[in-house]
Amino acid sequence: MSHKESKQRGQIRQAPENFLSPDLINDLSTHGLDDKRRGFMRNGLLAALGGAVGVGSSLNAFANSEGDPAILEKQVWQTTLGKNVATMPYGVPSIYEANLIRRESPGLTRVSAASVAFTPLQGLFGIITPNGLHFERQHQGWYNIDPDKHRLMVNGLVKHNRVFTMNDLMRLPSVSRIHFIECGANTGLEWGNVAVPTVQYTHGMLSCCEFTGVPLAVLLEECGADLKKGKYLLAEGGDGSGMTRTINLEDMLNEVIVAWGMNGEMLRPENGFPLRLVVPGVQGVSWVKWLRRLEVGDMPYATKDEAVHYNDLMPSGLSRQYTSIQECKSVITTPSGGQQLLEKGFYNVTGLAWSGRGKIRRVDVSFDGGNNWKTARLETPVLSKALTRFNIDWVWDGSPAILQSRAIDDTGYVQPPIKMLRDVRGTRSIYHNNAIQSWKVESNGEVSNVQVG
Ligand SMILES: Nc1nc2c(c(=O)[nH]1)N[C@H]1C(S)=C(S)[C@@H](COP(=O)(O)O)O[C@H]1N2
Ligand SMILES: [Mo]
């Protein structure tokens with residue numbers, strides 16, 4: 001497929017897998033794309049590709065519209081009737097956004113129903129992940145659980161063992177909070193310098209939503225939990241994987257939510273409908289989906305999902321266990337791996353920063369592989385244990401560049417270079433890689449995943 005058919009935004013060609021697929025093009029041509037609209041697309045792209053302008057004056061591209069039929073001629077959507085409201089009772093994205101989808105990594109094999117699909121961070125704005133693009137990680141596939149048949153049992157060090165229906169839970173006092181969720185294995189392939197091509201694959205096991213549910217503390221009080229002795233909580237999922245994780249109540253009691261809502265609607269089935277645990281700042285695996293049981297206990301449970309899996313193998317051969325907090329991290333999402341800058345001049349470099357320990361205090365960006373740093377603009381809101389959007393102006397002079405971002409959280413922790421992490425942790429870890437990410441821009445504008453420092 002030629003570059004002219006590829007999607008682009010703001011003079012950046014999107015990564016190859018974001019090209020309009022032949023199927024989609026076929027679909028567009030059969031469903032109401034007349035020659036005029038086709039012409040519009042082609043001319044629009046040609047105008048964008050053709051605008052050779054000088055350094056720092058790329059905004060001149062906007063003046064390239066002389067004789068542009070897209071502004072001079074009446075378009076079909078100005079002269080015909082649009083679609084009726086009732087044709088789409090539940091809205092879906094524009095057909096022109098059809099390539100902004102979750103994707104499975106080419107580097108990871110799917111084992112039976114155990115799979116992972118990554119969020120397309122390169123195409124998102126702000127901090128909220130749309131529900132249909134939330135990443136998904138299933139150890140044993142997902143289900144459409146009938147909420148009438150779903151139960152949550154609370155037992156262990158409680159006065160009253162209780163079994164709740166969804167109706168019982170949803171009449172309790174609820175809260176709504178915005179938090180990121182990141183799989184502990186996110187960016188895991190970078191330990192071994194497997195330079196997966198795009199930010200979707202390097203960092204896309206990351207999403208951020210507004211979650212709604214009953215605070216764990218309210219639920220435990222309802223059951224008369226003994227929180228003097230009961231320092232730990234076992235959370236068990238209702239799926240075939242028997243997902244079980246220990247939550248440290250001393251740290252987390254006042255933050256955990258037993259949630260049913262996600263961005264204003266019920267959870268999606270693949271994300272745990274009708275009930276999941278939200279454990280702010282803690283790695284994704286503890287956010288148990290299809291939640292069916294909570295047990296209050298006086299010591300960690302050392303379940304299979306924390307004794308065998310989700311350990312950090314150290315160079316000594318020993319493993320670190322219960323390293324649950326997702327440390328401060330950031331990544332530039334545009335421009336990023338697989339994209340191509342189409343001309344010199346001004347770019348808005350944008351990305352995301354987050355910390356499992358609190359708020360983001362500052363993000364620095366380097367355009368020369370870490371020799372010089374400039375402070376980026378943090379966009380509001382800046383929330384604790386949520387994604388924070390940053391932006392910074394950049395005028396690209398057409399020479400090779402290495403783009404990096406480095407986040408600092410409100411504990412003062414600074415996101416480390418990959419070398420510093422490797423010196424301590426070796427290369428055999430899978431989990432908890434929060435290193436600075438480097439994107440190399442070639443003089444032809446192509447962007448790729450590299451490791452420096
Ligand atoms: N019951 C259950 N809960 C689960 C899982 C699972 O397979 N089963 N996967 C976990 C893992 S490893 C992660 S990273 C997150 C992913 O949440 P998401 O699919 O909503 O993105 O869910 C966690 N909760
Ligand atoms: Mo995970």
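Guide: Before we start, a word on names: strands here are DSSP runs of E at least two residues long, and they are numbered from the N terminus. Also, this is a predicted model.

Visitor: Thanks! Let's talk about the ligand, then. Where does ligand 1 sit?

Guide: Ligand 1 sits in the largest cavity.

Visitor: And which residues come nearest to ligand 1?

Guide: There are 22 residues around ligand 1, and Phe135, His139, Asp239, Arg276 and Lys289 come nearest.

Visitor: Which strand gives the most to that shell?

Guide: That would be β4, which contributes three residues to the shell around ligand 1.

Visitor: How do the shell residues divide by class?

Guide: Around ligand 1 you have nine nonpolar, seven polar and six charged residues.

Visitor: OK, polar contacts next. What lies 2.8 Å from a nitrogen atom of ligand 1?

Guide: An N or O atom in the side chain of aspartate 239 is at that distance from the ligand nitrogen. The backbone takes part too: a polar backbone atom of tryptophan 287 is 3.1 Å from a nitrogen atom of ligand 1. For an oxygen atom of ligand 1, a polar backbone atom of arginine 137 lies 2.9 Å away.

Visitor: How much of the ligand's area does the protein bury?

Guide: Ligand 1 taken alone exposes 530 Å², and 100% of that is buried by the protein.

Visitor: Back to the cavity itself. What volume does the largest cavity have?

Guide: Its volume is about 230 Å³. The lining of the largest cavity is made of 20 residues, with Arg137, Arg276, Gly284, Val285 and Lys289 nearest the centre.

Visitor: Which element has the largest share of that lining?

Guide: Strand β4, residues 136–138, has the largest share, at three residues. By class, the lining of the largest cavity counts nine nonpolar, six polar and five charged residues.

Visitor: How many cavities of 30 Å³ or more are there?

Guide: The count is four at that cut-off. The second largest cavity has a volume of about 70 Å³.

Visitor: What lines the second largest cavity?

Guide: Thr187, Glu190 and Ile418 are among its lining residues, and so are Ala435, Ile436, Gln437 and Ser438. Val450, Gln451 and Val452 also belong to the lining of the second largest cavity. That lining divides into five nonpolar residues, four polar and one charged.

Notes
Residues numbered from 1 in each chain as written. Chains lettered and ligands numbered in written order. Predicted model: local features only at pLDDT ≥ 70, side-chain atom pairs only at ≥ 80, totals over all residues. Heavy atoms only, no water. 1 Å grid on protein atoms, 1.4 Å probe; cavity = no way out; pocket = protein on both sides within 12 Å on 5 of 7 lines; lining within 4 Å. Points joined across faces, edges and corners; volume = space filled by probe spheres on them. Helix = DSSP H or I, 4+ residues; strand = E, 2+ residues; numbered from the N terminus. Nonpolar A, V, L, I, M, F, W, Y, C, P; charged D, E, K, R; others polar. Near = heavy atom within 4 Å. Polar contact = N/O pair within 3.5 Å; in protein donor to acceptor, adjacent residues only side chain to side chain. Areas by Shrake-Rupley, 256 points an atom, 1.4 Å probe, with all protein chains shown as cover. Sits in = over half its atoms within 2 Å of the grid points.
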